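I opened this notebook to record what I looked up in the structure shown below. The entries follow the order in which I worked.

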Amino acid sequence: MKIIECQLCKRKCNLIEGQRGDCRVRLHLDGKLQTLVYGNPCSVHIDPIEKKPLFHVLPATGAFSIATAGCNMHCKYCQNWQISQRPPEETHNYDLPPDRVVAETLKANCKSIAYTYSDPIIFYEYMYDTAEIAHKHNLLNLMITAGFIEEKPLLDLCPHIDAANVDLKGITEEYYQKMCSSELAPVLHAIETMKKNGVWVELTNLIIPTWNDSEKDIRTLCRWVKDTVGPDVPLHFSRFWPRHLLKNLPPTPVETMELAWNIAKSEGLHYAYVGNVPGHDGNSTFCPNDGKLLIKRIGYQILENHVVDGKCEFCKTEILGIWS
Amino acid sequence: MAQYMKKENKYFILMLIIAAALLVGIVAENIVSVILPKTVRLNIDVEKVKQKLSQAGIVTREAKHWKKVR
């Protein structure tokens, strides 16, 4: 009986002929590993780039966003579970090969392509080929991912990815196992790898009541970010809303979001944000040097922007990001 | 000796022997399942898999980052 091993993520699914991997979209067929979703996204939208969330990349521009069915994690709170926890036979898929993705992006006047919604790791080949063509047309490639990927495929991909938002869902292995049926260590390694290989990284931590909302967890996470990837990596705290398998929990209290935001600032992170609480000061960017308001946002809307040529308009401190 | 025992006692001893045998069998099965490796026999009808993919309009393409194990 022939067996092949997928090496895209830590699961290292060993598959006999006709068997599918855990992600539902990679299959052993005719002695080879096949992807079932190349060129066939089930979600295609134009989103504000701030929705990813990416706050330090081409503000107030549209990102042409695509995703296929499948995912290599199984998070209990997934907001995209209708596509991430389904095989491609159960989703409505478009025929959109890589060159057409780029053509549609240009037609829509978007400056970037976002590989998002489910997890682009599982449509790796589609993302990779599209990203190569996108660069030839001066488009940015944005990867919105949970980061559960092995080092080799990630290193191959990094030259084609300009920015990434990585879900740093929690800071304990126990959380990753119980909440996501996954592992923390490969995600931490992936974040470091992306940073070291020139990808602009922003992180998102979804705070879920009773699961990862303790002061200890939040502080540990902030310290890891500061010590490992640096205080200039933006950290977005996102407010949880009940969905999928966690409809029994309440939304995250705004007070908890405030606490997380304050902890991040007290731990020395320069860019901490609060998401899913429109109108909160944490939607906006402040200069880490003089504290002045740089980019005023309400939700995804930008009302003011005082970042000029990548610097604070007032004190000329460099504000890291991809501003043009 | 058995011919001098009451009928009820004979049945009681028989039930005891059956119960003991069951207990030994259960314990032995548990020990074997711990010692021997677990094997899962998968029987996949590959032609059926191909047929279902075709019906769903799914086109396969060789993936990157995999290796043959055996």
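**Entry 1: a sheet across two chains**

I began at a residue pair: Gln34(A) stands opposite Glu62(B), the latter in strand 1 of chain B. The model is predicted, so I note that local features need pLDDT of at least 70, that side-chain atom pairs count only at pLDDT 80 or more, and that totals for chains, interfaces and linings use all residues. Residues are numbered from 1 along each chain as its sequence is written, while chains are lettered from A and ligands numbered from 1 in the order in which they are written.

I then looked up the pairing: strand 4 (residues 32-35) of chain A and strand 1 of chain B run antiparallel, over two bridges. Strands pair if DSSP finds at least two bridges between them; helices (H or I, at least four residues) and strands (E, at least two) are DSSP runs numbered from the N terminus. The open sheet has three strands in the order 3(A)-4(A)-1(B), with antiparallel pairing. Its edges are strand 3 (26-29) of chain A and strand 1 (61-62) of chain B, each pairing on one side only.

**Entry 2: the contact between the chains**

I recorded that 27 residues of chain A are in contact (C-beta atoms, placed from the backbone, within 7 Å) with 17 residues of chain B. On the chain B side, helix 2 (46-55), strand 1 and strand 2 (66-68) each supply at least two residues. Strand 2 of chain B gives the most, three residues.

**Entry 3: helix 7 of chain A**

Which residues of helix 7 of chain A are buried? I found Ile218(A), Leu221(A), Cys222(A), Val225(A) and Val229(A). They lie on the same side of helix 7 of chain A, because they cover an arc of only 95° around the axis; the arc is that of the directions from the helix axis to the C-beta atoms. On the other side, Glu215(A), Lys216(A), Asp227(A) and Thr228(A) are exposed. Buried means 20 or more other C-beta atoms within 10 Å of a residue's own, exposed 12 or fewer, and partly exposed in between, with C-beta atoms placed from the backbone.

How values were computed:
Contact = placed C-beta atoms within 7 Å.
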